[in-house]
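Open the model in your viewer and keep the selection tool ready. The tour goes stop by stop, then zooms out to the whole chain.

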Amino acid sequence: MEIQNIIERVRHFMTVKGVSSSVLAEKTGMAQPSISRFLAGKTQNPTLSTLSSIADALDVPLRNLFPHDKSNVNGYIEHDGGIERIRDFSDLERIVSELRS
């Protein structure tokens, strides 16, 4: 987990939602210095519980705190009675495009 990317996402949502670090501390129940250390990147391994509290306080799904890597899409999708392998984002885009047409 690249903590700096998560911090950037948290800061983005704080800006979008107009939430200051003191309000974030209040909403999460965390101490202001803990929030400040987190936002400064001094907390190297925040717990999932901490990240979940921050996501709840910002009213965003926890998954939104993690950057999305379009090159790291892999899996299977079932549609139209068949199963297709998804190897990358372009496979997913192709299938969505086919479903829309």
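Select E98 and R94. They form a salt bridge, with the closest N and O atoms 3.3 Å apart. A salt bridge here is a side-chain nitrogen of Lys or Arg within 4 Å of a carboxyl oxygen of Asp or Glu. Both residues sit in helix α5, four residues apart, about one turn of the helix. Helices (H or I, at least four residues) and strands (E, at least two) are DSSP runs, numbered from the N terminus. E98 is partly exposed, with a relative accessible area of 39%. On that scale, buried means under 20% relative accessible area, exposed means over 50%, and partly exposed lies in between (1.4 Å probe, protein chains only). Salt bridges with shared partners join E84, R94 and E98 into one network.

A note on what you are viewing. This is a predicted model, in which local features need pLDDT of at least 70 and side-chain atom pairs count only at pLDDT 80 or more, while totals for chains, interfaces and linings use all residues. Residues are numbered from 1 along each chain as its sequence is written, and side-chain values use heavy atoms, with hydrogens and water left out.

How accessible is E84? It counts as partly exposed, at 23% relative accessibility. R94 is also classed as partly exposed, at 35%. The structure holds two salt bridges.

Stay in helix α5 and select D91. This residue is buried yet has no salt bridge. Which side chain of opposite charge is nearest to D91? That is R87, 4.0 Å away. Show the contacts of D91 next, where contact means heavy atoms within 4.5 Å. Not counting residues up to four places away in sequence, D91 touches R85 and I86.

Now jump to L58, in helix α4 (residues 48-58). Is L58 buried or exposed? At 1% relative accessibility, L58 counts as buried. Draw a C-alpha distance from L58 to M14: 6.9 Å in space, for residues 44 apart in sequence. Leaving aside neighbours within four places in sequence, L58 is in contact with V10, F13, M14, K17, V19 and L24.

Zoom out and colour by secondary structure. The chain has five helices and two strands. Their order along the sequence is α-α-α-α-β-β-α.

Switch to the C-alpha trace. It spans about 55 × 25 × 20 Å along its principal axes. The radius of gyration, taken over C-alpha atoms, is 18 Å, whereas a compact globule of 101 residues would have one near 13 Å. The globule rule is 2.2 Å times the number of residues to the power 0.38. Of the contacts with a separation of 6 or more, 45% join residues 24 or more positions apart.

Finish with the surface. The chain exposes about 6800 Å², and carbon and sulfur atoms supply 47% of that. Buried residues make up 28% of the 101 residues. Then colour by charge. The mean positions of the 12 positive and 13 negative charges are 8 Å apart. Lys and Arg count as positive and Asp and Glu as negative; His and the chain ends are not counted. Each charge is placed at NZ of Lys, CZ of Arg, CG of Asp or CD of Glu.

Terms used
Areas by Shrake-Rupley, 256 points an atom, 1.4 Å probe, with all protein chains shown as cover.
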